[in-house]
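Let's take a walk through this protein, one piece at a time. Keep the sequence and the 3D view open as you read.

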Amino acid sequence: QLLFDDETGHHATRALHDLARTSRERPFLLVASFTHPHDPYVARQEYWDRYEGVDIPMPATSAVDVPLDPHSARLRAVAAMERTRITDDDVRRARRAYLANISYVDDWTGRLLHTLQSLGVADDTIVILLADHGDMLGERGLWYKMNFFEPSARIPLVVHAPRRFEARRVAAPVSLV
């Protein structure tokens, strides 16, 4: 997955340079679809090291804190979660790798923004960063996506359009539709 994402970033950078070399001024749409952060929870050493000594929070709600609803029971059975004991250290490592991979995507986003800046089109380009799902990361004793609990359903949606509006946070729920 990391090699795929590296290739995605490099292709996106090259596409921006190719667009800048065309003589026609026209709108463009470029999609750079990274797979990270995503399971499996594996991170490159440089990103893993960024979280050395960082207090990685444990899940706010453990499996013992809530009754096991039928859908969660099915997810736990499908993932064979009862076969393997997941320790607190396992949870912290998975969360650390997830954070490391968020940093990896952040760095690629920064490189793409820098490319737009160096090509002189950053102020006139709308950049949207979003994800298709979150990850439970041990919340309620669950992992991955496949449910509508908050950690799985809440995703980032960042719209950067400097010529159109000022930066701000929107507290209201929004939709990708």
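Start with helix H4, residues 88-118: its 31 residues reach 45 Å from the first C-alpha to the last, close to the 45 Å expected at 1.5 Å a residue. (That expected span is 1.5 Å times one less than the number of residues.) This is a predicted model, in which local features need pLDDT of at least 70, side-chain atom pairs count only at pLDDT 80 or more, and totals for chains, interfaces and linings use all residues. Residues are numbered from 1 along each chain as its sequence is written, and side-chain values use heavy atoms, with hydrogens and water left out. Just after H4 comes glycine 120, with a positive phi of about 80 degrees.

Now step back to the whole protein. It has 5 helices and 2 strands, where helices (H or I, at least four residues) and strands (E, at least two) are DSSP runs numbered from the N terminus. Read from the N terminus, the order is α-α-α-α-β-α-β. The C-alpha trace spans about 60 × 35 × 30 Å along its principal axes.

Which helix pairs up with H4? Helix H1 (residues 2-21) does: the two axes come within 9 Å and cross at roughly 10 degrees. Here axes are lines fitted to C-alpha atoms, for helices over the stretch in contact, and angles run from 0 to 180 degrees between N-to-C directions. So H1 is roughly parallel to H4, a label for angles under 35 degrees. On the H1 side the contact (heavy atoms within 4.5 Å) includes Leu2, Asp5, Gly9 and Leu16, and H4 brings residues including Tyr104, Trp108 and Leu112. Sorted by class, this contact has 7 nonpolar, 6 polar and 2 charged residues. In that sorting, Ala, Val, Leu, Ile, Met, Phe, Trp, Tyr, Cys and Pro are nonpolar, Asp, Glu, Lys and Arg are charged, and the others, Gly among them, are polar.

Next, the loops. Between H1 and helix H2 (45-49) lies proline 37, joined to histidine 36 by a cis peptide bond with omega of about -5 degrees.

The whole structure holds 1 cavity of 30 Å³ or more. Among the residues lining the largest cavity are Leu75, Arg76, Trp143 and Tyr144, and by class that lining has 7 nonpolar, no polar and 1 charged residues.

Finally, look at the second largest pocket, lined by 29 residues, with Ile155, Pro156, Leu157, Val158 and Val174 nearest its centre. Helix H5 (150-153) and strand E2 (157-160) are the elements that give two or more residues to this lining, and E2 gives the most, with 4 residues. The lining divides into 19 nonpolar, 5 polar and 5 charged residues.

Technical notes. On a 1 Å grid over the protein atoms alone, a cavity is a set of points where a 1.4 Å probe fits but cannot get out, and a pocket is an open set with protein on both sides within 12 Å along at least five of seven lines; lining residues have an atom within 4 Å of a point. Angles under 35 degrees count as roughly parallel, over 145 as roughly antiparallel, 65 to 115 as roughly perpendicular and the rest as oblique. Grid points are joined across faces, edges and corners, and a volume is the space filled by probe spheres set on the points.
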